[in-house]
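Work through the exercises below with the structure in view. Try each task before you read its solution.

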Amino acid sequence: MKILVTGGSGFIGSHLCEALIDLDHEVVCLDNFLTGSRENTAHLRGRAGFSLVEGDVREPLESAAYDFIFHLASPASPADYAAMPVETLMINSMGCKHVLDLAVDVKAGLFISSTSEVYGKVMDGGNPCFLSEDTDRLMGSTSKRRWAYACSKALDEFLGLA
Ligand SMILES: NC(=O)c1ccc[n+]([C@@H]2O[C@H](COP(=O)([O-])OP(=O)(O)OC[C@H]3O[C@@H](n4cnc5c(N)ncnc54)[C@H](O)[C@@H]3O)[C@@H](O)[C@H]2O)c1
C-alpha cells in the first residue's frame, strides 16, 4: 500500500514508518520538524519505498494516490503544547481538516491520533475508572493550555466522525 504518515519524523511516527517499511509498504513521511527531527528517520533514508517530505499540514496537502493515511502531526508533550498554544490549536483543527480533505479526495483510509486528554478531568480524581468512547467528558478552564490541546484533539474527533 502507499501510505502517508503525517508527523512521521516524530517519536511514534518514526517507529511507525519503520514498521510499515519493514512490511514492504511505500511510505511518505510528511513532517515540518516542529517537535520531531530528521534524525528520527535518518536510518530509513535509502530504504526502498521510503520518502521524507518537508511539509506542514496547516497548508492544503498535495494529492497523491494514498491507500491509507496515519495522521500523527501535532505537538504532543505538555511542554510543547504549553509553549505553542496557537500552533497546537491550528494544527489540530485546520491541519486535521486538510488531512481529512485529502483522505476523502483520494478515498484513503484514515487513522487520526487523538489522546486520552479528550476525557478531561474524568481521571484526575485518582480513582480507577473505566473510560469508553462514549464516556462523558469534563474539561477544565479555557485559561489553562492543557485544555486547548484536549479540546482541539476533540475537535479532530468531531471532524473525523462528521
Ligand atoms: N506520545 C504519547 O504518549 C501520545 C499520547 C496520546 C496521543 N499522542 C498523539 O500521537 C501523535 C504523535 O505523538 P508523538 O509522541 O510521536 O509526538 P512528536 O512530537 O514526537 O511527533 C509529532 C510529529 O509531528 C510533527 N508535526 C507537528 N506539527 C506539524 C505540522 N503542522 N505539519 C507536519 N508535521 C508536524 C512534529 O515535527 C513531530 O515530528 C500526536 O498527535 C499526539 O497528540 C501521543
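**Exercise 1.** In which sense do strand E1 and strand E4 pair, and over how many bridges? Then follow histidine 71 across the strands.

*Solution.* The model is predicted. Start with E1 (residues 2-6) and E4 (residues 68-71): they pair in the parallel sense over 4 bridges. Next, take E4 and strand E5 (residues 109-112). They also run parallel, joined by 4 bridges. Now look at histidine 71 in E4. Threonine 6 stands opposite histidine 71. In E5, the bridge partner of histidine 71 is isoleucine 112.

**Exercise 2.** Check the span of helix H1, then find which residues of H1 are buried and which are exposed.

*Solution.* First, the span. H1 has 12 residues, and at 1.5 Å a residue they should span 16 Å. The end C-alpha atoms of H1 are 17 Å apart, which agrees. Second, the buried residues: Gly13, Ser14, Leu16, Cys17 and Leu20. Down the axis of H1, these fall within an arc of 160°, so they line one face of the helix. Last, the cover. E1, E2, E3 and E4 are among what covers the buried residues of H1.

**Exercise 3.** Which element gives the most to the shell around the ligand?

*Solution.* H1 gives the most, with 3 residues. Now sort the shell residues: 10 are nonpolar, 12 polar and 3 charged. Of the 25 residues around the ligand, Gly7, Gly10, Thr35, Gly36 and Ala76 come nearest.

Technical notes: Residues are numbered from 1 along each chain as its sequence is written. This is a predicted model: local features need pLDDT of at least 70, side-chain atom pairs count only at pLDDT 80 or more; totals for chains, interfaces and linings use all residues. A residue is near a molecule or strand if its C-beta atom, placed from the backbone, lies within 6 Å of it. Helices (H or I, at least four residues) and strands (E, at least two) are DSSP runs, numbered from the N terminus. Ala, Val, Leu, Ile, Met, Phe, Trp, Tyr, Cys and Pro count as nonpolar, Asp, Glu, Lys and Arg as charged, and the others, Gly among them, as polar. Two strands pair if DSSP finds at least two bridges between them. The expected span of a helix is 1.5 Å times one less than its number of residues. A residue is buried if 20 or more other C-beta atoms lie within 10 Å of its own, exposed if 12 or fewer, and partly exposed in between; C-beta atoms are placed from the backbone. The arc is that of the directions from the helix axis to the C-beta atoms. Two residues are in contact if their C-beta atoms, placed from the backbone, lie within 7 Å.
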